[in-house]
Amino acid sequence: MDIIVCVKRVPFTQEVDLEIDKSGKSIVTDGLAYVINDWDGYAVEEAILLKERIGGNVIAVTVGSEDDEEVLRRALAMGADRAIRIDTCGRSLDGLVVAKAVAAAIKGFPLDLVLTGVQADDDNQAVVGIMLAEIMGLSHAAVVRGIEPEEGSLKVRVELEGGIDEIRQVKLPALLTIQSGINEPRYVSVMGIRKAAKKELKVIGIDELGLSEADLALATEIEEVYLPPETGGAEMLSGDPSKLARAVIEIMRRKGVAV
Amino acid sequence: MGDILVFVEHRSVSLREVSLQIISKADELATKLAGRLTAVVLAAKADFLPSDFSSRADRLIVVEDERFSDFDFTAAAEVISKIIKEQSPHLVMMGHTPWGMDLGPALSVRTGLPLSTDCVDITLDGTRVKTVRQLYGGKLFARVSFRDDSKGCIITVRPGSFPVAASCGRKGELVRIENAANLPASSSRFIEYLDTGAGEIDITQAELLVSIGRGVGEKERIEEIRELAGLLGGVVSCSRPVVDRGWLPKYHQVGTSGKSVKPKVYLALGISGAFQHVAGIAGAGTVIAVNKDKKAPIFRVADYGVVEDLFAFSDALKEELGK
Amino acid sequence: MDFELNKKQKDIQKAAREFAQGELKDIARDCDLNETFPPELIRKAGELGFLGAFIPEQYGGAGLGFLEHAIILEEFWKVDPGLGQQLCSTTFGSEEFILFGTEEQKQKYLPPLASGEAMMGFAITEPDAGSDTSSASTSAQETEHGYIMNGSKTMIGNGTVGRYLVVFALSDPDNESRAQRHSIFVVETDTPGYEATRLHGKMGLRASDTASIFFSGLKLPKEALIGTRGKGFYQLMQFFDRSRAYVAAHGVGLAQGAMDLAIKHVKGRVQFGRKIASFQATQFKIAEMATRIELARTLTHKACSLLDKGKSDSKVTSMAKMNAARTAVEVVDEALQLHGGYGYFNDQDVERFYRAAKVLELYEGAKEIEKIIIGRHVLGRY
């Protein structure tokens with residue numbers, strides 16, 4: 001199975017207080033650590049699991065700067081066969097432009113399956129995957145948390161709301177956006193890193209992909225960003241643990257729970 | 001000009017709450033824009049709509065076909081993009097649901113209309129539509145505008161962002177479209193729904209939920225929480241990371257992709273409070289949150305907060321209960 | 001001169017960081033409290049190539065250098081010194097096989113270490129021979145078939161859990177030179193006459209295994225000798241020239257981890273209506289800590305780079321280790337100070353780091369030994 005997996009490098013913001021930059025439209029990224037987008041880690045793992053199970057070839061693709069190659073090397077170390085970075089050539093991009101660029105870069109490749117994460121940790125848009133599928137004319141499903149290969153198709157488990165999953169058969173070639181929890185992404189091994197150094201990592205400029213200025217035009221604009229408004233908030237209880245425990249038991253009883 | 005089109009979702013012959021929320025917001029926007037509000041329902045048979053539903057839109061486009069008994073992307077995208085092309089609405093709205101996440105970006109590509117996803121608010125600047133959406137998992141809000149919305153725009157709306165209006169008093173002209181025969185062959189096929197929530201316990205019926213999050217740290221320590229729940233006479237539930245790590249089965253999960261719960265008391269231990277989780281406890285009577293991190297977002301929605309290590313707190317609680 | 005890690009080294013650093021965050025962080029406090037570590041952790045780390053990164057590829061290792069080994073250990077120690085120490089200790093002394101072992105010894109003893117299947121240790125210290133290693137009296141008396149070992153060792157890593165140890169023993173007590181009386185042997189711990197007792201009550205690094213060992217008439221084959229008979233002391237010094245370089249990374253990791261904890265605390269804690277990070281007293285402290293750590297890391301990387309270039313330099317290695325250990329002790333002291341009273345309780349990680357730090361100035365050559373080495377190199381003859 002020929003699989004392409006799309007990955008993105010994002011700032012790690014868990015337990016980090018974000019600071020808004022001078023433009024008021026984005027955050028200060030100095031000093032932030034960068035990681036592979038969480039969902040993409042699951043997508044890479046899923047691609048490699050499929051390859052290990054039924055054979056094939058995995059190509060990892062990202063759009064970004066040289067620093068972003070880190071996530072490609074990571075995918076290669078996990079077991080992808082080769083990688084492509086589409087250089088932004090200094091342009092600002094949005095989801096649709098990224099999808100167009102990836103579609104142009106992988107045009108003509110033998111292809112059965114494209115995997116992306118459901119969304120990215122930074123902009124939380126959840127658009128690139130499905131847009132890419134539409135541009136390439138692939139069948140697709142979003143928010144997938146289970147894949148079972150069948151002849152010419154995949155049986156996928158789409159996560160709906162309220163604890164309900166939908167089982168759907170999707171024809172190949174297809175694109176699936178992968179939900180977290182679908183697998184347990186492996187750790188990167190030192191041996192994998194050594195092997196990755198010998199694998200191909202190709203760089204193509206977005207300007208070399210034959211996209212027109214209209215193709216590269218942005219559809220949306222962030223006018224401003226701001227920190228979440230403070231809302232209400234809990235009545236904070238204080239004291240040593242046993243005092244807190246007594247207070248909580250008291251609240252439970254008051255609210256009608258027989259403790 | 002100023003027309004709004006809403007895609008209405010249903011599942012298992014039942015209208016989805018998120019669609020009512022969206023159409024309520026659409027009503028407000030359509031009034032301000034002096035435009036017409038159209039709702040599109042794709043169903044095998046649209047007889048599940050509440051009787052007052054037609055009063056929520058100026059026009060109700062119903063396309064009945066067996067293929068719409070469940071979500072058929074190919075057919076749905078074909079029908080809706082055709083309607084959009086014919087009617088050129090100012091704004092197209094749908095839920096940021098697993099189906100909307102499939103449909104929205106696809107419609108944007110097919111129609112060339114710009115898209116803003118997972119919006120928690122929508123405002124008007126004159127006739128121009130702007131959205132508010134979250135970045136970095138809710139750590140930041142962004143106000144977003146469309147660079148060129150002269151031909152319209154598409155928005156997917158986060159479930160729970162808007163209240164359901166009592167009624168809207170629109171005239172509800174019913175338009176039935178019978179074009180199903182022209183629909184292209186589907187690229188995917190619905191097989192079945194699986195209730196992953198079906199387990200040995202039912203967290204939706206519990207009066208007291210003792211709920212754990214990532215903060216529990218390791219699977220082995222969940223037993224300590226079970227003991228606590230046992231002493232309190234409650235049921236153990238959890239947030240998504242606990243299920244993702246395989247520490248508890250899915251039927252324990254509270255949140256948008258898990259269960260919505262309505263206990264009298266919800267005791268959240270080591271749960272940070274991502275919006276997907278918080279959405280699942282809207283029906284809880286009282287929320288008591290225990291977290292080491294005093295900046296955890298859960299404290300914004302909890303009624304009572306305790307800044308403490310969850311195990312230290314749990315041990316103290318057990319000791320008090322033992323007295 | 002290049003002060004930046006290359007891409008491969010950065011990737012290794014990140015991989016080790018993810019492993020430490022995923023596998024060490026959540027269990028660290030319990031392992032410290034209970035003086036234990038999960039054996040499967042060693043196996044996992046081995047499978048990923050994080051153990052003894054310097055072990056050559058043909059013996060199942062990652063085939064990297066001491067710099068990469070140091071980078072990995074810094075990441076582990078940053079998250080938890082106790083488990084970091086345990087993950088370092090399993091290949092401790094394997095340098096003797098690499099440097100002086102026969103092909104048979106290398107093939108037999110190195111692959112299980114790299115894979116995490118087996119753990120080893122280096123038995124040097126004795127109740128009456130600490131810094132004065134050449135007075136070690138555990139004896140290896142030659143017999144017709146090999147050697148008979150008698151005596152005891154103490155404070156030995158992996159004494160109770162290791163599959164084999166390398167042992168520094170007195171083989172030629174009558175040699176005129178104190179430096180030519182010892183040899184190094186490999187001892188398999190299932191050999192009759194081997195007994196080990198786990199030591200409890202360590203101040204820090206409690207997750208790691210430390211034991212007292214007793215050899216009573218333990219029979220060793222001739223093949224148990226590593227390197228040259230009577231050259232054990234020199235072989236030992238060459239080991240220290242390597243181990244001290246990466247033990248320096250223990251100090252760097254501990255200091256960085258402690259400062260990270262302090263930063264998190266001062267950014268969160270409000271006193272007098274302000275975050276304590278906003279007080280200049282705090283900022284100055286953090287600035288000093290950060291600078292010291294950067295210096296310690298640079299010197300550590302230099303020592304390791306020299307080793308990897310085949311230019312072992314006892315002076316630089318001793319400087320790196322002495323300085324990193326001091327940095328760790330002082331930085332963790334300040335880090336705890338910034339935590340205030342909270343830092344004195346064991347639900348705060350900094351408390352565990354604080355207890356762990358001191359040993360860095362005691363083991364792998366007490367700082368006084370390092371000063372002797374540095375002094376000798378700098379002053380020369382006088």
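Student: How many residues of chain B are in contact with chain A?

Tutor: This is a predicted model, in which local features need pLDDT of at least 70, side-chain atom pairs count only at pLDDT 80 or more, and totals for chains, interfaces and linings use all residues. Residues are numbered from 1 along each chain as its sequence is written, while chains are lettered from A and ligands numbered from 1 in the order in which they are written. Contact requires C-beta atoms, placed from the backbone, to lie within 7 Å. On the chain A side 67 residues take part, and on the chain B side the number is 74.

Student: Which are the edge strands of the ten-stranded open sheet?

Tutor: The order of this open sheet is E12(A)-E7(B)-E6(B)-E5(B)-E8(B)-E4(B)-E1(B)-E2(B)-E3(B)-E9(B), with mixed pairing. An edge strand pairs on one side only, and this holds for strand E12 (220-226) of chain A and strand E9 (173-177) of chain B.

Student: Which residue is the bridge partner of B:Val6 in E4(B)?

Tutor: Strand E1 (residues 4-8) and strand E4 (residues 91-95), both of chain B, pair in the parallel sense over three bridges. The bridge partner of B:Val6 in E4(B) is B:Met93.

Student: At what angle does helix H3 of chain B run to E8(B)?

Tutor: Helix H3 (residues 98-111) of chain B lies across E1, E4, E5 and E8 of that chain. Angles run from 0 to 180 degrees between N-to-C directions, with axes fitted to C-alpha atoms, for helices over the stretch in contact. Relative to E8(B), the angle of H3(B) is about 170°.

Student: Why is H2(B) called oblique to H3(B), and what is the handedness of their crossing?

Tutor: Helix H2 (residues 73-87) of chain B packs against H3(B) at about 45°, with the axes 10 Å apart. That angle makes H2(B) oblique to H3(B), because angles under 35 degrees count as roughly parallel, over 145 as roughly antiparallel, 65 to 115 as roughly perpendicular and the rest as oblique. A crossing is right-handed if the near helix is turned clockwise from the far one by less than a right angle, and left-handed if anticlockwise. The crossing of H2(B) and H3(B) is right-handed.

Key
Pairing = 2+ DSSP bridges. Helix = DSSP H or I, 4+ residues; strand = E, 2+ residues; numbered from the N terminus. Contact = placed C-beta atoms within 7 Å.
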